[in-house]
Amino acid sequence: FKGGDTCEYLLSSGRFLGEKVWQPHSCMMHKYKNSEAKNCLVDKHIVFIGDSRIRQLFYSFIKLINPQVKEEGNKHGNIPFEDKSASIKVDFLWYPEVNGSMRQRIKSWTEGSVAKPHIIVVGAATWSIKIHNGSNEALTQYKINITSIAPLLEKLAKSSDVYWVLQDPVYEDMLSDSRKMITNEKIDAYNEAAVRILNSSSRNSKAKVKVFSVSKLIAQETIMKSADGLHLPESSRDTNAMILMNVYCNKIMKPIDGSCCQPEPPLTLIQKLAFCFFTLSIIGYLIINLIHRNNFRKNKSCTDLESGEEKKPAISTPNVSTLEMLLQSFCKLGLIMTYFYLCDRANLFMKENKFYTHSSFFIPIVYILVLGVFYTENTKETKVLNREQTDEWKGWMQLVILIYHISGASTFLPVYMHIRVLVAAYLFQTGYGHFSYFWIKGDFGVYRVCQVLFRLNFLVVVLCIVMDRPYQFYYFVPLVTVWFMIIYGTLAIWPQIVQKKANGNCLWHFGLLLKLICLLMCIYFLSYSQGAFEKVFSFWPLSKCFELNGNVYEWWFRWKLDRYVVFHGMLFAFIYLALQKRQMISEGKGDPLFSNRVSNVLLFISIVSFLTYSIWASSCKNKTECNELHPSVSVVQILAFILIRNIPGYVRSVYSSFFAWFGKISLELFICQYHIWLAADTKGILVLIPGYPMFNVLVSTFIFVCVAHEISQITNDLAQIVVPKDNSTLLKRLLCIAGFFCGLLLFSAMQDQSRH
């Protein structure tokens, strides 16, 4: 299903999501702020010509530029508006009938060196019906007048945007006696005449007058709320004004969440090189595969004609070489990246705006929880936060976050605050997991660091290249990467304190605590010193990784939002491993973690703390204030959950294999959703099957999960090849990777220069 001309769809079709949110067919509509409207319309002249309905549209339009404007002045006269700060001029010209006077005004813009308006919005008919009492002669004259005006409008359309607004239906039961002759049957006849004449006239002309027919659809749903049966309610005309703004401004401002009327972005140099690379990989893999197939056929068992015995082949199965595995991985990745590009960069598939309802969020949550409980199995080990349990934790959190994103639940503050805790819990696991590894294993080698960095960043780097997005756009991966390096730096710096060394002398425990205190102080300083933080990450080439829209503020905000939770994860790991070493906790199958009395007390405190946090989060009224408290208090609910999940022996010894499966690919799910499940860089929803929302979600979700799983396999395969255990080979690979990134920076600089 092609998206087609999204401008045409925006002007002609759509539906309501809820009562006030208009969804154009196949594309997304951006909600313009005053500053954005001014930037788009700077030095522009816009003219509205018509009757009282067009005057309504005029007022709604100028309120997008200046919300303080009041609807006052001569209702049956011209109304000027000017915004001197942006040099915007918007005029309403009172021409309630399509007649000679309107034609003369339009003709004046086509003659000589008269300055033409940049946007012209025209429409009228109800006055002709009213004055002539709905006579057929008036309709005939209307056709004649439009026929004479149409060539002039087409001439203007060569240099200006010209819109003919069709007449909205009326609510006949509410019309006053003086307007009873204005019937929907008459309005349809006038609209049909206008469309036929304008379309037939534009067939011989390159320029085209755009027919603004979507207001009819909007009016059909909302005219019952009209005050007089003729004029639209304010919310409906505001929607029409926003559509008009999207039609004109989207191609200029290029908003991420405004896909209507946006042209397909041109391929960058880096994207072209990536396309060539993946194409060569596919060709290379096919050639090697064909060679192996031919060799395999030659080595097949055959009958010896002399002895009549069957000979066995020298090679039973073809060995998969490193090169073949490499090419196979890039071949699959190339096909997957093509799908990514088609979904979110090419205007091939439709996109729609999100619309939040409580049922769209909570019903899927209940459904996946039931599924998760259904797939309950015994764990291989019963330690606190064992592998199956952490995978399960990641899995259900990721599914909840996915539902949160596709349902647009960020507009509902209590849900937003709980999702913030889930993101914090991911970072808590980062602190806990990496600290535990370094503390127990004492492995600070380059191989371990490179493996972690590769697995975290491989997909994001590929997407930055293919989708032409900055690294910071996928904010969670930079966040986890930086925190991993902070954990590594904290523990690897002299003196290296690990469990083996600390067991010999308890003083080393205090040394480690001192390191953690220093880390906490650095975090505290950077969180309250934006200038120092920005200086650290504004040095080239770090700035290329952490800048978004020309500055690192977004990165600072994201880092600051969960600044303490990784430290909390490290501290929890240290305390837990110390208690475990001293056998102060019981981790046997079915055994409570502590003595019965202590376990019951801790369990009660945990449940109360968990519920208290939820009550506080649900009572949040201001997102900014709650975000300020979040870094300090999010750990309360995280620790409460860990204790509730691990204190009872039975609960600790079982896990959900359903959630754990998703947990193993949680990073890929989080990143892939940006482009092949959601759309317009997470701002909207991808529509593969229009007209069937539930079926569309099922199909797109199935593809999305399969792709995430496949990318996880590809990343694991490539990690073994790109990051070998042999130090000398690894060093060579690192030099190659450094060369690759230097080339990437060079091409990126060339792109930026060509754009400017």
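Reader: Is K332 buried, partly exposed or exposed?

Author: K332 counts as partly exposed, because its relative accessibility is 28%. On this scale buried means under 20% relative accessible area, exposed means over 50%, and partly exposed lies in between (1.4 Å probe, protein chains only). Please note that this is a predicted model, in which local features need pLDDT of at least 70 and side-chain atom pairs count only at pLDDT 80 or more, while totals for chains, interfaces and linings use all residues. Residues are numbered from 1 along each chain as its sequence is written, and side-chain values use heavy atoms, with hydrogens and water left out.

Reader: Which side chain meets K332 in a salt bridge?

Author: The partner of K332 is E710, at 2.9 Å from N to O. A salt bridge here is a side-chain nitrogen of Lys or Arg within 4 Å of a carboxyl oxygen of Asp or Glu. The pair links distant parts of the chain, with E710 in helix α28 and K332 in helix α11 (residues 322-344), 378 residues apart. Helices (H or I, at least four residues) and strands (E, at least two) are DSSP runs, numbered from the N terminus. E710 is partly exposed, with a relative accessible area of 27%.

Reader: How many salt bridges does the count come to?

Author: The count comes to 16 salt bridges. One of them joins D681 and R345, whose closest N and O atoms are 3.1 Å apart. D681 lies in the loop between β14 (678-679) and β15 (684-687), and R345 in the loop between α11 and β11, 336 residues apart.

Reader: Are D681 and R345 buried or exposed?

Author: D681 is buried, with a relative accessible area of 2%, and R345 counts as buried at 8%.

Reader: Turning to aromatics, how many pairs does a search of the whole structure find?

Author: The search finds 52 aromatic pairs. Rings of Phe, Tyr and Trp (its six-membered ring) pair if their centres lie within 6.5 Å; planes under 30 degrees apart count as stacked, over 60 as edge-to-face and the rest as tilted. W396 and F641 form an edge-to-face pair, 5.7 Å centre to centre with 65° between the planes. W396 belongs to helix α13 (residues 387-407) and F641 to helix α24 (residues 623-646), 245 residues apart. Both W396 and F641 are buried.

Reader: What about W661 and F662, and how do their planes lie?

Author: W661 and F662 are edge-to-face as well, at 5.1 Å centre to centre and 85° between the planes. W661 is partly exposed, with a relative accessible area of 38%, whereas F662 counts as buried at 12%.

Reader: Which residues of α26 are buried?

Author: They are S657, F658, F659, A660, F662 and G663. Helix α26 (residues 657-664) is largely enclosed by the rest of the structure, because 6 of its 8 residues are buried. The elements covering these buried residues include α12 (358-374), α13 and α27 (666-676).

Reader: And the surface: which residues make the nonpolar patch of about 420 Å²?

Author: That nonpolar surface patch is made by L269, L273, L746, F747 and M750. Patches are made of residues with over 30% relative accessible area and no salt bridge: like charges are joined within 9 Å, nonpolar side chains (Val, Leu, Ile, Met, Phe, Trp, Tyr) within 5 Å. Accessible areas come from the Shrake-Rupley method with a 1.4 Å probe; for residues, only the protein chains shown count as cover. Helix α29 gives the most to the patch, with 3 residues.

Technical notes. Contact means heavy atoms within 4.5 Å.
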